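This report covers salt bridges in one protein model. Have the sequence and the structure open as you read.

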Amino acid sequence: MMETKLTRIAELAKKDKNMAFTSLAHLLNVNNLKQCHYELPSEKARGTKGISKEGYGDNLNENVDDLVKRLKNNAYRPVPVRRTYIDKPGSRKKRPLGIPDHEDKIVQRAIGKILNAIYENDFLESSFGFRPNRNCHDALKILNVYIEKRPTNFVVDADIKGFFDNVDHDWMMKFRNHRIKDPNLLRIIRRFLKGGYMEEGKYFDTDKGTPQGGIISPILANVYLHYVLDLWFEKRVKKQCKGHAYIVRYADDFVCCFQYEDEAKAFYSALIKRLAKFGLEIAEDKTSIISFGRNAGNGGSGKPSTFDFLGFTHYCSKSRTGNFRVKRKTSRKKMKAKLANQKEWLKANRNRDIQEIMARLDRSLKGYYNYYCITDNTLAVEEFLYRVKQLLFKWMNRRSQRKSFSWDKFNLFLRKYPLPKPKMKVNIYELRNEISYIL
């Protein structure tokens, strides 16, 4: 039932780009919220109240009835999220992560569906993050076309400093008002933004930022950057450029391609001012303008620079026939972080049943291959597999006081419990129909 209404909303949003929806909160009803409850994954980290999906489901009818009553009476208030910290890949720094209560996840999922139905028709083709039928590989494929097949000579590799922690709430709500005029739904969204968080038993207000870790966070971020960055680049930056200019964005990570250096520099200066207007700033140590493309290095500057995007280091190279090619390999920072995770898990779990250890490694490697096994990256993935084998050899030898394996015996062991071998999963030159039409 909810899907039918969302389809109708999407049709109206597509038909009239200026249409503002005035009645949406009624979709947060008993049946739809129950459906969202069932759709949420089980055995996930618990929020401040410590209630699991299973625990909430024990009295689902009563809980959802009470939730709907509070939503209708304007009495619903999200529980402050439980803040924890996770490792930041390639760094000793920690990244804050908010874990919402299960009931708040239900509401967020329902609101996220509504927002996606409206805004998916507004988002530009340059945006790839957290959107249906679009993924990181699609973004890499389009970027590859812009660099190889278009007159790209310079790349602006940009990074927004602490984006999710610095989103301005007032601007966020102004952007929402373009499409949503339902005061009840807007009130709930604002309460999520202002919900605060708990850390070590203390409550902290949130006067800026999105609830990172929440289901609603990706769509909120996409809407914010749609207005702040995507539309601005499309309507203002590109029209002021005499040469070609392109942007590829995945969430808050984006790369811009330019034909002329002076226009790349002008964009960089304008970008700083543009972000500042909306409470954001560039991470200057992670942002640069580099010569990149088929003409890179021709001016006597030597070997072309490289840049990282979505876990891959992009570099200029040639095909077997001598033609210009962009190639990609796993970012050293990402590989190091993944290997560190493998090391910590093996160290902590080395005394588990060997079949359980090998099954976990099998799943982990297959997931890694699904992402990193793309065109030109086979050698880097094979290196990763070799390093994992070294870690496995080391920690299996520390299951007891005596050394369990020589390298020869370890290889015999791997014949009994073979690790999956990498095979190319993604052809970077193979564009899906819904992506290729924009070119």
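Lysine 113 and glutamate 39 form a salt bridge, with the closest N and O atoms 2.8 Å apart. A salt bridge here is a side-chain nitrogen of Lys or Arg within 4 Å of a carboxyl oxygen of Asp or Glu. The pair links distant parts of the chain: lysine 113 sits in helix α5 (residues 102–119) and glutamate 39 in helix α2 (residues 30–39), 74 residues apart. Helices (H or I, at least four residues) are DSSP runs, numbered from the N terminus.

This is a predicted model: local features need pLDDT of at least 70, side-chain atom pairs count only at pLDDT 80 or more, and totals for chains, interfaces and linings use all residues. Residues are numbered from 1 along each chain as its sequence is written, and side-chain values use heavy atoms, with hydrogens and water left out.

Lysine 113 is buried, at a relative accessible area of 15%. Glutamate 39 is partly exposed, at 31%. Buried means under 20% relative accessible area, exposed over 50%, and partly exposed in between (1.4 Å probe, protein chains only). Both residues also belong to a salt-bridge network with Glu3 and Arg109.

The whole structure holds 20 salt bridges.

| Pair | Closest N to O |
|---|---|
| Lysine 113 – glutamate 39 | 2.8 Å |
| Arginine 352 – glutamate 356 | 2.6 Å |

Arginine 352 is partly exposed, at 37% relative accessibility. Glutamate 356 is partly exposed too, at 39%.

Aspartate 362 and lysine 366 lie 4 residues apart in helix α13 (residues 354–372), so about one helical turn separates them. Lysine 366 is partly exposed, with a relative accessible area of 43%.

Terms used: Helices (H or I, at least four residues) and strands (E, at least two) are DSSP runs, numbered from the N terminus.
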